[in-house]
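Dear colleague,

I am passing on the structure below, and I would be glad if you could read it alongside the notes that follow it.

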Amino acid sequence: MYINFWYAAERSGKLAADAPIRVRMLSHEFVLFRDSKGKAHCLSDTCIHRGAALSGGKIKGDCVQCPYHGWQYNGDGRCVNIPSLGPEGRTKVPPRGQVDAYPTEERYGLIFVFLGDLPEQERPPIMPIPEWDKDGWRASAAMDYHWDANYERAVENGLDPAHNEFVHPTHGYSGEREGYKVNELRFEQHEHGFSFVHTFQAPPLKNWIMKRIRNYDGPLDVGTGHHGPNGLYTYIHLTPTKWFHQYVWETPVDEHYLRTFLVSLRNCIIPKNKWLLGIADKQTDKRNFAIAEQDRVVIEKLDPVCTPAERSTRELLMPADKAILLYRERLEQWDAKGWRIDADELKRMHAKRNVVYAIPSPARRESKTWVLDPVPLVEPKPAAQPLRAVGA
Ligand code: FES
Ligand SMILES: [Fe+2]
């Protein structure tokens, strides 16, 4: 798990104007709330007075009010009111009266939070959706679901061209086709990740809507890529002109549990009639969820839950796993920047039950007066030699 990336925290529609909510990401608790103008904010959820969860409190104007003794924090994380000091002194808050506040942006029907301390100009951007609002494209509402799995395993699954044949009957022949193989992967490198295109043989679609698009056996192009450690996109070109593009944010709740946020777009099955359009959206969501379920049953049982510590010797990788290796090499680049959370140390300290940390926010670069220590990070070390698959 890494600091210094944007994470999808919640669907926009889930955050009401009048009630804060608690969200767990990167093994830490956060509070999301809206100010009087409706702008979403994200703070560390631990009140620095005596540790109550701010998310259990109320909205007061532009602040969230702690449920325990009523301290009020604004969207910048500043405590602006300590009621126990009385009417004369309640706004005289000491400099340490602040919690971490994280840059927050609503886009694509989701609330994104930048969990890290980088200044604005150095932050890797939110994974863009170029088709969003483009003529001829239709986005169905963002979906989310939970898996008992490590988020990097889920990203690797998305970057794995060999599983489609066996896991997804809609994309493959369940291993029953003579001559099956993974074809060449055509890679492209990008600033925050890479992508590749894979052409493979796929059967006709069976669903009553989908078979109107593709009712033949033949080649199918799938483009896949990642953006940062937690963003993934898949372009399924069912025919040369009928396309489905999916954007997925894998949010690590902790090392063993994830939330997936999915925004699905298509340039086909967009009836003019509103009622039919609603049905088409529902069918698309249903299909996406069914496909994710096919993945879930496999990914939740991967052992070990996270990728093996000695990766090069505890797996036997093939050329079809090349994208997995490249993704791990990218992770090592972020390790080298010192952005990886020290999950072992975190677990050890949390087991004591008398320590809580905060993910460092950008304000920590300016101010040194904080009550909570920042989360322990793994000491940066240079990226290791590239990992290689057998025959790659
Ligand atoms: S614990 Fe929050 S006000 Fe006391
Ligand atoms: Fe899959």
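This is a predicted model: local features need pLDDT of at least 70, side-chain atom pairs count only at pLDDT 80 or more; totals for chains, interfaces and linings use all residues.

Residues are numbered from 1 along each chain as its sequence is written, and chains are lettered from A and ligands numbered from 1 in the order in which they are written.

The protein has 6 helices and 20 strands, these being DSSP runs numbered from the N terminus (H or I, at least four residues, for helices; E, at least two, for strands). Its C-alpha atoms fill a box of roughly 80 × 55 × 35 Å along the principal axes. Of the 392 residues, 33% are buried, a residue being buried if 20 or more other C-beta atoms, placed from the backbone, lie within 10 Å of its own, exposed if 12 or fewer do, and partly exposed in between.

The domain assignment gives domain 1 (5–122) and domain 2 (138–323), with bounds that come from an automatic or database assignment. Their centres, taken over C-alpha atoms, are separated by 35 Å, and 11 residues of domain 1 are in contact with 13 residues of domain 2, where contact requires C-beta atoms, placed from the backbone, within 7 Å. On the side of domain 1 that touches domain 2, β1 (5–11) and β2 (21–25) each supply at least two residues, and β1 gives the most, with 4 residues.

The largest nonpolar core has 69 residues, and those with the most contacts inside it are Y7, A9, L32, F112, V113 and L115; such a core is a set of buried Ala, Val, Leu, Ile, Met, Phe, Trp, Tyr and Cys residues joined through C-beta atoms within 7 Å. Strand β11 (residues 110–115) gives the most to this core, with 6 residues. Because domain 1 (5–122) and domain 2 (138–323) both give residues to the core, it lies between them. Leaving aside residues up to four places away in sequence, V113 touches W6, Y7, A9, C42, Y102 and T104.

In helix α5, the residues K322, A323, I324, L325, L326 and Y327 are buried, and the buried residues of this helix pack against α2 (151–158), β14 (193–202) and β15 (218–227). Just after α5, G338 takes a positive phi of about 80°.

With kind regards

Notes: Two residues are in contact if their C-beta atoms, placed from the backbone, lie within 7 Å.
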